[in-house]
Amino acid sequence: MRLRMTLAAALCCALMTGCPGKNDAGNKSSEKAGDTNTTAAAPAAASHKPLPSTPPNMTGEAPKPDLSKVKLPDGVTPEMVELGRQVWMGKAGGGSCYTCHGMDAKGSMLAPDQTDNEWLHGDGSYEAILATVKKGVPAAELKAAQAPMPPMGGANLDDQHLKAVAAYVYAISHSGN
Ligand code: HEC
């Protein structure tokens, strides 16, 4: 670029009679071209917590949410929450959420904490949780994990067990555990 400008300036000079001030013609705008890009390589801002670095906790029981601290959404009952806890633990409906999210639901290197009220997907409403569990999280939509969540975590939950496990996730994340 600079070379071409110089040539152009020289050519211009050669063609013109009484060429004005030789070297400062036309070159100003290209001088600072290298300076504009210095902030582009900053590391991607962490918009969410990284996953824990530990494998999922596979022992014990899934936590029982304190239902006195959570207002359950319309249509969600304490019985659904308890059934969902059983689904989480692999004791009802064929679910196995604990194998990635942990029996304690605190997350692991495979999947995020479900006891906090912070969401990588959706707004944390019951409907959003239900939709995420039903659909899973395909590879292209992962925010922190390396491998996707298959629909229903790979289980084939019927409607009752699907709604129940979503109710359970809602309850543990909204009761200030
Ligand atoms: C094979 C591992 C695996 C299993 C099994 C699994 N999940 Fe997930 N889950 C994930 C991953 C991976 C994500 C997305 C993490 C990311 O975006 O980086 C996720 C995300 C979620 C989210 C959204 C969390 C958020 O912060 O927005 C919910 C809710 C959820 N899972 C519920 C469940 C339920 C309920 C089950 C059982 C029916 C289950 N998961 C089974 C791996 C799993």
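A: Start with how α3 and α6 are set against each other. In this predicted model, the axes of α3 (residues 78–88) and α6 come within 7 Å and cross at roughly 100 degrees. Angles from 65 to 115 degrees count as roughly perpendicular. The two helices, α3 and α6, are therefore roughly perpendicular to each other.

Now look at who meets whom. From α3 come M80, V81, L83, G84, R85, V87 and W88. From α6 come H161, K163, A164, V165, A166, A167, Y168 and A171. By class, this contact of α3 with α6 has 11 nonpolar, two polar and two charged residues.

Next, burial. The buried residues of α3 are M80, V81, L83, G84, R85, V87 and W88. Each of these is also named in the contact with α6. The cover over the buried residues of α3 includes α6, and it includes α4 as well. An α-helix has 3.6 residues a turn, so residues three or four places apart point the same way.

G90 follows α3, and its phi is positive, near 80 degrees.

Take the one between α4 and α5, where A105 is found. A105 is not a glycine, yet its phi is positive, about 65 degrees. A105 has 27 C-beta neighbours inside 10 Å, so it counts as buried.

The loop between α5 and α6 holds M152. M152 is also a residue other than glycine with a positive phi, near 55 degrees. M152 counts as buried because it has 22 C-beta neighbours inside 10 Å. P150 lies in the loop between α5 and α6 as well. P150 is partly exposed, with 13 other C-beta atoms within 10 Å. For burial, 20 or more would be needed. P150 and K134 are 16 residues apart in sequence. In space, their C-alpha atoms are 8.9 Å apart.

Step back to the whole chain. It has six helices and zero strands. Along the sequence the pattern reads α-α-α-α-α-α. Of its 177 residues, 28% count as buried. Take the contacts in the chain with a separation of 6 or more: residues 24 or more positions apart account for 67% of them.

Last, confidence. The mean pLDDT of the chain is 82, and 72% of its residues reach 70 or more. Over residues 1–46, however, the pLDDT is below 50. Beyond near neighbours in sequence, that stretch has 13 contacts in the model. Where pLDDT is low, the predicted coordinates should not be read in detail.

Notes:
Residues numbered from 1 in each chain as written. Predicted model: local features only at pLDDT ≥ 70, side-chain atom pairs only at ≥ 80, totals over all residues. Axes fitted to C-alpha atoms, helices over the stretch in contact; angles between N-to-C directions. Helix = DSSP H or I, 4+ residues; strand = E, 2+ residues; numbered from the N terminus. Parallel < 35°, antiparallel > 145°, perpendicular 65-115°, else oblique. Contact = placed C-beta atoms within 7 Å. Nonpolar A, V, L, I, M, F, W, Y, C, P; charged D, E, K, R; others polar. Buried ≥ 20, exposed ≤ 12 C-beta atoms within 10 Å, placed from the backbone. pLDDT = per-residue confidence, 0-100.
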